[in-house]
Amino acid sequence: MKSIVKRRKIWLLLFLFVGLGLWAAHGQKTEAAIVSTNHQKYTYAEYRKDLKQLKKKYPDRCQVNVIGRSADDRNLYEVVLGNTQAKKHLVVIANLHAREYMTTQLCMRQLEYYLKKYNKKISGAKVADVLDKVAIHYVPSANPDGTAISQFGFGAIRDKSLRAALRKMPGSALRWKANARGVDLNRNWAVAFRKGGVRGYAGFHGSKAASEPEVKALVKMVNRIEKNGQIAGVVSYHSTGSILYGRCASNAETKVEQVTDRMYRTAQSLTGYRLMPTESLSSAAGCSREYFLYKRDIPCITLEVGRGTCPLSIREFPSIWRKNKNVVIREAMLFD
Ligand SMILES: [Zn+2]
């Protein structure tokens, strides 16, 4: 009788040990991700919390800077990945258009993935070696006010007068592309600028070039980076259509055209997105891509992720992730 009890105890202990071991191994394998990509609305509050956690977890691998504030007083963040003193830099801008907020989630997931893989290889190159030579500057959300409108309606805008003005503007909150002042942030850049559109959900160019705080902050960031190094390229994330802009008009500098073409081919080989024809400079008045190409001589491509209408359904995320997961690091590899 005694020995049966003893044997039972041993079995119980053994069971407990094996159980604990399995639990620990599982825990390690599925170390909780910081950035969640399985819910529809990736909010400003969540974005800030994730940035804080990424910085805390990887303090030597990334830097988080506030490069400006939006009209409704939200922070515009820049996340620098890798060597801030590098000679070359790659800039990634997402969510310039409000309802395209899934691009923020995509960039945040990319950031976490590259940080995690820092001492490992992607496509045959060690991530840390690439980032030592080419720092990546992400602006995951260039339009946090507009995003709040698209996610929660005009009530999400805290400033009373901005909110009252918004309610008189044309366009539904859900489909909002502009910022909280009804200006399309991809028509407000100082390239072939001309007035156009009316304040509202999309298409208003602004009262003058770079009138908006979000555009000003991005230009200031670009100027700052270029003081100590070279911006080798810009990757601009929009949605939707699974298409790619990577052709220059004939008045681009040859070198800019060639590098843009290399960036385009890299992105195309990974995503399979369809290449759009060249736009004439006059039809692309005030656009960010044309600003980089023709005003700053910086190669630039635009990826339009997803297939459905914006805001994209979260159901599209897995396929967007599969195609885009290595895009930015592979673009950086072109310059190392
Ligand atoms: Zn867009």
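Buried here means under 20% relative accessible area, exposed over 50%, and partly exposed in between, using a 1.4 Å probe on protein chains only. By that cut-off, buried residues make up 54% of the 336 residues in the protein chain of this predicted model.

Before the close-ups, two notes on method. Residues are numbered from 1 along each chain as its sequence is written, and side-chain values use heavy atoms, without hydrogens or water. In this predicted model, local features need pLDDT of at least 70 and side-chain atom pairs count only at pLDDT 80 or more, while totals for chains, interfaces and linings use all residues.

View 1. His97 (ND1), Glu100 (OE), Glu100 (OE) and His238 (ND1) sit 2.1 to 2.4 Å from the zinc ion. Donors are N, O and S atoms within 2.8 Å of the metal (3.2 Å for Na, K and Ca), and because water is not among the atoms, sites may look incomplete. Along the chain, the donors follow the spacing H-x2-E-x137-H. Histidine 97 and glutamate 100 are both buried.

**View 2. Helices α2 and α3.** Helices (DSSP runs of H or I, at least four residues) and strands (E, at least two) are numbered from the N terminus. The axes of α2 (residues 44-57) and α3 (residues 102-116), lines fitted to C-alpha atoms over the stretch in contact, come within 12 Å and cross at roughly 10°. That makes the two helices roughly parallel, a label for angles under 35 degrees between N-to-C directions. With contact meaning heavy atoms within 4.5 Å, Tyr47, Asp50, Leu51 and Leu54 in α2 meet Thr104, Met108, Leu111, Glu112 and Leu115 in α3.

**View 3. Two loop residues with positive phi.** Most residues other than glycine have a negative phi. Aspartate 73, in the loop between β1 (62-69) and β2 (75-81), has a positive phi of about 65°. Serine 242, in the loop between β7 (230-238) and β8 (243-245), has phi near 55°.

**View 4. A cis peptide bond.** The bond from cysteine 310 to proline 311 is cis, with omega near -5°. Proline 311 belongs to the loop between β10 (300-304) and α10 (317-324).

Definitions and conventions: Axes are lines fitted to C-alpha atoms, for helices over the stretch in contact, and angles run from 0 to 180 degrees between N-to-C directions. Angles under 35 degrees count as roughly parallel, over 145 as roughly antiparallel, 65 to 115 as roughly perpendicular and the rest as oblique.
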